[in-house]
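Open the model in your viewer and keep the selection tool ready. The tour goes stop by stop.

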Amino acid sequence: MQPREIRPKIYSVGAVDWDRRLFDALIPLPDGTSYNAYLIQGSQKTALIDTVDPTMEQVLLNNLEQLGVANIDYVITNHAEQDHSGTLPTVLERYPKAKVICTPKCRDMLVNLNLAPAEKITAVADKETLSLGDKTLEFIHAPWVHWPETMLTYLQEERILFPCDFFGSHLATTDLYVSDEGEVHEAAKRYYAEIMMPFSAQIQKNLEKIKDYAIDIIAPSHGPMYRRPEFIIKLYHSWASDAPKNIVVLPYTSMHGSTRQMVEYLVRALVQRGVTVKQFDLAATDLGKLAMALVDAATVVIGTPTVLGGPHPNAAYATLLANALRPKVKFISIIGSYGWGGKTVEQLAGMIPNLKVEIIPPVISKGFPKEDDFRALDNLASTIAQKHQENNFT
Ligand code: FEO
């Protein structure tokens with residue numbers, strides 16, 4: 001993507017990655033992504049905010065060249081992760097007078113993760129400012145969005161917040177600004193679920209920290225910019241809140257149809273009791289969709305057959321993922337089937353130490369479910385519905 005002017009002497013100079021389909025060898029990117037970087041030319045100094053993923057290094061360098069940038073005084077590094085700082089060493093070679101500005105913790109990480117030269121890095125304190133002449137940058141320490149070293153940069157005169165990953169969305173687009181809030185809602189929620197959700201308590205603190213800043217534009221480092229910042233800030237308040245909704249997420253896998261039959265029965269029983277259900281066949285589902293559903297769910301029910309004495313590996317993987325993502329879920333149960341024995345329930349229960357949940361007694365059928373099993377599933381649905389009502393989950 002070519003450089004584009006946001007305001008006079010302020011440019012978007014990053015790259016759109018239409019083809020990337022996986023992040024961290026883990027996270028699906030069905031809509032690609034972007035690595036946004038921003039150039040700010042003050043009356044005396046020039047700053048580059050973040051760089052790009054190393055695979056897109058040439059796009060950034062070409063954009064700077066196209067704008068005739070002969071000198072950069074500061075590279076503001078909000079986050080050490082490679083998709084924003086991997087090109088830092090190359091930028092410093094091309095612009096040898098540039099100093100890197102970051103948090104104290106980020107300094108060490110840049111040296112170790114990106115082999116950046118330590119002598120060029122200056123750490124800044126929380127709320128410290130840096131004058132570019134007629135423009136002033138303020139650095140807001142915002143740890144754990146989503147690494148420990150992260151900060152936000154606020155351009156005071158133009159009221160633009162550059163939050164790097166915070167408020168971002170994995171969305172490849174030529175739109176500089178959000179044009180379709182529904183599309184961005186989906187992409188930003190996926191991003192929140194996969195990257196930010198484990199840090200919801202810190203996210204709440206950082207939302208509180210920026211609440212008194214006047215913000216006209218949020219310019220994240222993934223996805224389009226927000227001309228209506230309240231749109232994404234309100235969503236983040238909702239996603240990071242402690243209050244789940246009247247939703248059961250039901251990830252399952254079935255080998256010979258027994259567990260599937262139990263899943264289908266339980267879904268009907270829950271719906272009859274006024275509970276919304278999101279059902280995911282783990283053999284086929286996009287795990288990002290499952291992560292998104294976990295953002296709001298009050299209860300998770302895992303459906304699995306017993307195989308080789310324990311849960312099916314698909315169910316184990318989904319359980320480990322839920323444990324790692326630390327959703328606000330309050331209740332968990334397990335349904336499924338077995339042929340001749342095993343420790344499915346014990347093994348799954350041992351995989352969720354991060355989740356502060358009440359475990360509702362599982363329903364495990366020997367082979368195909370029978371009348372007693374269906375009654376037990378009715379009871380499970382009633383218990384879940386009652387617990388949601390008692391806690392006012394709506
Ligand atoms: Fe977009 Fe945490 O890097």
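Helices here are DSSP runs of H or I with at least four residues, strands are E runs of at least two, and both are numbered from the N terminus. This is a predicted model, in which local features need pLDDT of at least 70, side-chain atom pairs count only at pLDDT 80 or more, and totals for chains, interfaces and linings use all residues. Residues are numbered from 1 along each chain as its sequence is written, and side-chain values use heavy atoms, with hydrogens and water left out.

**Stop 1: V59**

Select V59. It sits in helix α1, residues 57-66. Buried means under 20% relative accessible area and exposed over 50%, with partly exposed in between (1.4 Å probe, protein chains only). Now show contacts, meaning heavy atoms within 4.5 Å. Leaving out residues up to four places away in sequence, V59 touches M1, G14 and A15.

**Stop 2: the seven-stranded sheet**

Colour the strands in the order β1-β2-β7-β8-β9-β10-β11; they form an open sheet with mixed pairing. Two strands pair if DSSP finds at least two bridges between them. At the edges are β1 (4-7) and β11 (121-123), each pairing on one side only. Zoom in on β8 (residues 46-49) and β9 (residues 74-76), which run parallel and share three bridges. There, I49 has I76 in β9 as its bridge partner. Next, select helix α4 (residues 104-114), which lies across β10 (99-102) and β11 and runs at about 130° to β10. Axes are lines fitted to C-alpha atoms, for helices over the stretch in contact, and angles run from 0 to 180 degrees between N-to-C directions.

**Stop 3: β17 and β18**

Move to β17 (residues 245-252) and β18 (residues 276-281): six bridges pair them in the parallel sense. Pick I247; its bridge partner in β18 is T276.

**Stop 4: the cores**

A nonpolar core is a set of buried Ala, Val, Leu, Ile, Met, Phe, Trp, Tyr and Cys residues joined through side-chain atoms within 4.5 Å. The largest has 63 residues, and L161, F167, Y192, I203, I232, Y236 and V249 touch the most other members. Helix α5 (residues 181-196) contributes the most, eight residues. Finish on I203: beyond four places in sequence, it touches V145, F166, Y192, M196, Y236 and A240. Another core lies apart, with 28 residues including Y11, V52, I72 and M109.
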